[in-house]
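Please view the sequence and the model first.

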Amino acid sequence: MSKILVIGLSAAGAEALPPALVQRILAAQLLVGGLRHLHYFAEFAGETVAVSNNIDAVIWRVEQALRCDQAVVVLASGDPLWYGLGATLRRHFAAEQMEVIPAPTAAQLAFAALGEPWAGAALLSAHGRPLVDVVAQVCRAPKAAILTDPTNHPAAIATALLQAGLGKETPCAVCENLGGNEQRIQRGTLRWMASAAFAALNVVVVWGGGRQPIAPGLADEAFATSSGQLTKREVRLLSLAELALGAGEVLWDIGAGSGSVGIEAARSQPTACVLAVEQRAPMLEHLHENLRRFPAPNLRASLGTAPAACTDWPDPHAVFIGGSGGQLAALITLAQTRLHPGGRLVINLATLEHLHETRTLLPDARIVQVQVSRTVPILEMTRLEALNPVFMVTWHKSGKL
């Protein structure tokens, strides 16, 4: 069976390729690539397949060509295995079926044009991907290069980074049409990038994220809330310890209230994804205010009622139930079903009735009563004032992550 020849191109197109490689392209029977890539080889006499939103059809046609022992060439941008068409092909074809000849990646060209060392930089793509995930990684990185698309363009990326808490004067650059005759490099700040327009082919570079994990333990008074409705600091710390959220894991915060648990979890694990839902609009407003005070770009909060609100969420590694909205049994069943093997479920309860219901549903769970007293002044002396006791229920799903 023939191999797929996958060739990376720069903005210079065919002019940057050695003549022998151009001849291999022109001698192929099937040429696959984006319209811009195919335009570089207008003289090609064989069959062409333009790649757009038709990747399944493209894969099928390549498979058919290989079965017929036809010579197949695929054209892509930069290094095809870096967020490119080559990576997509590799999910369908064995490594032995592919010959990859890369060009410099757009990120390499960007850092070269900037004269900027890039060891340790985060190399990211917002092309067809959720911007929230990219933003979270930029905020953690000392420097980052980001591929863009018409939706996640530089201004949209800058706006999202500002909303995530990066400063308006954070330095950045936009590198347009890299490697071509119309290459342009512009440096500025996020404030500038948020209101500017750029060529469609560009790479964004941002310096000064480097957000590190932040140990939990914020004071209760630091959070906006109503009527003291908040997981108290001592209980919050114990809950986070039981949840044991790891790097890159997913946490569900159900009945998030003003968001103290979810926010502290997200800040302590910047690579984790925290999904929070709260059914009371005023409490969700408090949560958003707390996110402004304590930015956590890896936390996504929504108004809704669980379990329905969790349907499209990725399966969790940890679930925290701070409020059940009368759906405790359904939420426990949902967590048991959706948790990854080895996942943790932590439920904080205030009433004996809910404790009884939970013990019936989770007979093998560990239950701890948390009773906290804090010192308060009385005249010129000190006494202890008790907080409401909490039953903390922890259940582990069998298996290993």
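Which side chain meets that of Arg24 in a salt bridge? Glu99 does, at 3.0 Å from N to O.

## Basis

This is a predicted model: local features need pLDDT of at least 70, side-chain atom pairs count only at pLDDT 80 or more, and totals for chains, interfaces and linings use all residues. Numbering runs from 1 along each chain as its sequence is written, and side-chain values use heavy atoms, with hydrogens and water left out.

## Salt bridges

The structure holds 16 salt bridges. A salt bridge here is a side-chain nitrogen of Lys or Arg within 4 Å of a carboxyl oxygen of Asp or Glu. Helices (H or I, at least four residues) and strands (E, at least two) are DSSP runs, numbered from the N terminus.

Arg24 is partly exposed at 39% relative accessibility; Glu99 is partly exposed at 29%. Buried means under 20% relative accessible area, exposed over 50%, and partly exposed in between (1.4 Å probe, protein chains only).

## Helix 9 and its partners

Glu234 pairs with Arg374 at 2.8 Å, N to O. Glu234 lies in helix 9 (residues 233-243) and Arg374 in strand 17, so the bridge ties together parts 140 residues apart in sequence.

Glu242 forms a salt bridge with Arg366, with the closest N and O atoms 2.7 Å apart. Glu242 is in helix 9 and Arg366 in strand 16, 124 residues apart. Glu242 counts as buried at 19%, while Arg366 is partly exposed at 43%. Shared partners also join Asp220, Glu234, Arg236, Glu264 and Arg374 into one salt-bridge network.

## A buried lysine without a bridge

Lys397 is buried yet has no salt bridge. The nearest side chain of opposite charge, Asp315, is 7.6 Å away; Lys and Arg count as positive, Asp and Glu as negative, and His and the chain ends are not counted. A polar atom of the Lys397 side chain does lie 2.9 Å from the backbone oxygen of Gln336.

## A buried leucine

Leu17 lies in the loop between strand 1 and helix 1. Leu17 counts as buried because its relative accessibility is 14%. Beyond four places in sequence, its contacts (heavy atoms within 4.5 Å) include Ile7, Val22 and Phe41.

Methods. A polar contact is a pair of N or O atoms within 3.5 Å; within protein, one must be able to donate a hydrogen and the other to accept it, and residues adjacent in sequence count only if both atoms are side-chain atoms.
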